[in-house]
Amino acid sequence: MGPISLSGPTEFDVMKSRELERYLRNDVGIYECREESVMREEVLGRLDEIVKQWVKAVCQAKGLGEEFVEEANAKIFTFGSYRLGVHSPGADIDTLCVGPAFVTREEGFFGELYKILSEMTEVIELNPVHDAYVPVMKFKFNGVSIDLVYARLSLSVIPEDLDLSHDSILQHVSAGDEQTVRSLNGCRVTDQILKLVPNIQNFRTTLRCIRLWAKRRGIYSNVAGFLGGINWALLVAFICQLYPNASPSVQVSRFFMVYTQWRWPNPIILCPIKEGLGQQVWDPRKNVRDRYHAMPIITSAYPSMNSSYNVSCNTLSIMTGEFQRGYDICKAMEIATDKEADWGTLFESYAFFDSHKCYLQINISAGCADDFRKWKGWVESRLRQLTLIVENETHGKLQCRPYPGDFSDKSLTFHNCSFFMGLQRNQQFPVNGGEKLHFDLTRCAGEFKWAVKNGYTSRKTGMDIGVSLVNKKIPEFVFPGGIRPSCTPNVTRERRKRSPQSSSDIDEGKSKATVLDGTCRDQKRKREYNAGVETDPSSRHPKSMRCSPPVDTLVAYASSNQAEKLAPEPNVADQALPKQRDELEDDRHQVKEFAGGNMSSSHVMGEVKSNNAPRPSAASSYNENLEELEYDNIKVLHYQTAPQPVVKPIIRVNFLSC
């Protein structure tokens with residue numbers, strides 16, 4: 001299907017686009033300075049020299065001839081935000097190293113090259129991740145963060161003018177080497193996006209805006225089950241194709257409009273999917289697993305893949321709510337008389353620790369810095385599984401909203417960090433008035449900890465993990481300076497909009513944890529930090545799992561007087577000027593028809609089946625400050641004598657209907 005609108009920008013659109021540019025440049029400082037840009041180029045040049053010397057050293061070690069050693073070569077490519085030209089100050093650089101056939105990934109890349117980098121004083125925080133979906137080495141080179149992946153081609157010599165954009169490059173990939181295909185796909189997709197957008201400058205401005213918005217709203221994280229850089233780039237590129245002549249301000253507004261109404265799991269596809277070249281492509285007609293993707297965003301280069309496979313129905317619902325919020329604000333900005341809505345309103349940060357009454361806290365710790373860095377990377381890559389476990393165990397009635405980041409308690413003497421997930425009842429599942437819903441999260445926590453511990457083959461003594469439920473009395477170390485700020489103005493404003501009830505009516509319980517043992521103070525604090533977690537590396541399956549005391553019985557309630565907060569807000573589009581309203585309605589009708597599946601046969605691979613979950617509703621997550629969960633109390637089993645083993649600890653969350 002072609003563009004929805006070919007209209008160019010009006011004077012008002014140009015004015016709003018200039019305001020957006022000024023906001024991004026002056027208020028946010030999203031553009032890097034010249035000095036940082038030069039430093040990045042120098043680091044990339046130095047890295048290219050290192051990999052070339054590395055390949056030559058491998059040739060010599062294998063006893064190859066001098067002539068062969070002289071011609072041996074490797075080449076560095078960039079992709080991601082840096083290649084797209086939308087990177088922000090301090091952002092990492094996604095890089096690809098392409099090497100010849102005789103340099104393997106494990107022995108060469110993670111072996112010799114890792115050793116070379118580890119001996120360099122310019123390189124710090126070197127962390128190899130072998131078992132990632134795309135194996136990567138993460139490090140800092142002269143202060144510049146680098147994510148380096150490797151692609152091995154069946155060529156004896158890598159030419160300096162190698163072009164990765166042609167599909168013929170995949171003919172030089174060994175059969176079954178899916179890791180190389182994925183590594184190459186990063187560069188190939190990035191280059192293809194730049195070829196498919198009609199106006200690169202407008203695309204970059206719009207993408208910068210959406211990336212900033214997603215980070216501020218806490219939904220920029222592929223690991224957490226949301227969307228990462230390439231996903232947002234594909235979504236923005238699709239909008240640029242639908243509105244090729246629109247200004248960035250209009251493209252931002254249409255971004256929220258289109259994806260608020262998009263009928264997932266219908267896929268986002270920038271160009272026809274190629275087939276018949278020997279690689280498996282995304283096709284729900286043939287591949288059963290592809291039918292259950294919640295939010296398919298298909299890569300633009302062969303072989304086409306779903307770049308958003310991490311998204312679940314839960315995180316899709318959260319993002320849909322954020323799309324709705326963005327659309328409402330953009331509609332308000334299109335009304336010249338509305339002085340309250342501006343770009344700053346759109347980019348207000350999501351007040352995560354003011355928006356939920358209950359949180360899951362995942363604590364991890366390790367004995368030394370190197371072990372902690374590896375352990376943290378592993379646990380972080382598994383956090384999405386916890387949201388899926390909770391979602392499946394509660395049949396989608398309980399939602400987890402992960403915070404895309406971590407916090408460290410500096411007062412502890414051991415290496416540690418904590419991840420948090422906000423809990424709320426899914427509003428799409430109606431319950432009878434006054435009905436109490438019980439959710440036992442014991443099995444979820446046990447299954448997650450068992451999977452994390454036993455899935456990491458390099459786990460050492462001291463690498464621990466604990467899962468607990470906390471109320472709104474969040475640990476102080478998550479706040480700057482260790483002091484929790486008062487309720488932010490935007491949170492207060494949103495609460496006044498959504499509920500006449502005062503949050504002071506909500507009673508909060510107090511938490512308490514006790515550890516009775518004869519260990520020293522630091523060991524005691526560590527056991528309190530990972531309360532209820534077995535420190536023995538030989539973990540047991542959750543069905544036979546036993547937790548050391550204390551065992552927390554966690555109960556939370558949802559107040560029935562919160563129902564009024566679900567009342568929909570006034571439709572701002574109905575208050576627009578007649579001409580603007582007609583244009584909005586025309587666009588909305590076209591989007592509904594487009595999103596409903598009326599696409600050309602070259603774009604649609606057939607109707608995608610959902611996994612029997614209800615279609616995400618914006619209302620279920622747009623009420624970001626809905627305080628529907630009350631943390632009533634925490635009961636701690638306090639043992640004065642030798643404790644008896646607890647066969648089945650209870651972590652129960654109760655909710656009342658709103």
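## Two prolines in one loop

P265 sits in the loop that runs between α9 and α10. The peptide bond joining W264 to P265 is cis, with omega about 15°. P303 is also found in the loop between α9 and α10, and the bond leading from Y302 to P303 is cis as well, with omega near -5°. For context, most peptide bonds are trans.

## How to read this model

This is a predicted model, in which local features need pLDDT of at least 70 and side-chain atom pairs count only at pLDDT 80 or more, while totals for chains, interfaces and linings use all residues. Residues are numbered from 1 along each chain as its sequence is written, and side-chain values use heavy atoms, with hydrogens and water left out.

Helix α1 covers residues 11–28, 18 residues in all, and its first and last C-alpha atoms are 25 Å apart, close to the expected 26 Å. The expected span is 1.5 Å times one less than the number of residues in the helix. Which residues of α1 are buried? They are D13, K16, S17, L20, Y23 and L24, where buried means under 20% relative accessible area, exposed means over 50%, and partly exposed lies in between (1.4 Å probe, protein chains only). In general, an α-helix has 3.6 residues a turn, so residues three or four places apart point the same way. The buried residues of α1 pack against α7 (200–216), α9 (248–261), α10 (313–333) and α11 (343–346). Just after α1 comes G29, with a positive phi of about 70°.

## The nonpolar cores

A nonpolar core is a set of buried Ala, Val, Leu, Ile, Met, Phe, Trp, Tyr and Cys residues joined through side-chain atoms within 4.5 Å. The largest one here has 63 residues, and those with the most contacts inside it are I193, F203, W213, W232, F255, F256 and Y259. Two or more residues each come from α1, α6 (178–196), α7, α8 (229–242), α9, α10 and α11. The largest share, 10 residues, is given by α8.

Take F255 as an example: beyond its neighbours within four places in sequence, F255 is in contact with I210, W232, L235, V236, I239 and F323. Contact means heavy atoms within 4.5 Å. Apart from this core lies another, of 32 residues, among them W54, M120, F139 and L148.

## A buried threonine

T206 belongs to helix α7. Is T206 buried or exposed? T206 is buried, because its relative accessible area is 1%. A polar atom of its side chain lies 2.9 Å from the backbone oxygen of N202. Leaving aside neighbours within four places in sequence, T206 is in contact with V236, P248, Q251 and V252.

## A sheet of four strands

An open sheet has 4 strands in the order β7-β8-β6-β10, with antiparallel pairing. Two strands pair if DSSP finds at least two bridges between them. The edge strands, each pairing on one side only, are β7 (398–402) and β10 (464–470). Neighbouring strands are turned by 25° against each other on average, direction ignored; the strand axes are lines fitted to C-alpha atoms.

Strand β6 (residues 358–366) and strand β8 (residues 415–425) run antiparallel and are joined by 9 bridges. C358 stands opposite L423 in β8. In the loop between β6 and α12 (369–393) you will find C368, which is partly exposed at 32% relative accessible area. C368 and H415 are 47 residues apart in sequence, and their C-alpha atoms are 6.7 Å apart in space.

## Two residues with positive phi

Most residues other than glycine have a negative phi. E125, in strand β3 (residues 123–129), has a positive phi near 55° and is partly exposed at 44% relative accessible area. N142, in the loop between β4 (136–141) and β5 (144–152), has a positive phi of about 55° although it is not a glycine. N142 counts as partly exposed, at 42% relative accessibility.

Terms used:
Axes fitted to C-alpha atoms, helices over the stretch in contact; angles between N-to-C directions. Polar contact = N/O pair within 3.5 Å; in protein donor to acceptor, adjacent residues only side chain to side chain.
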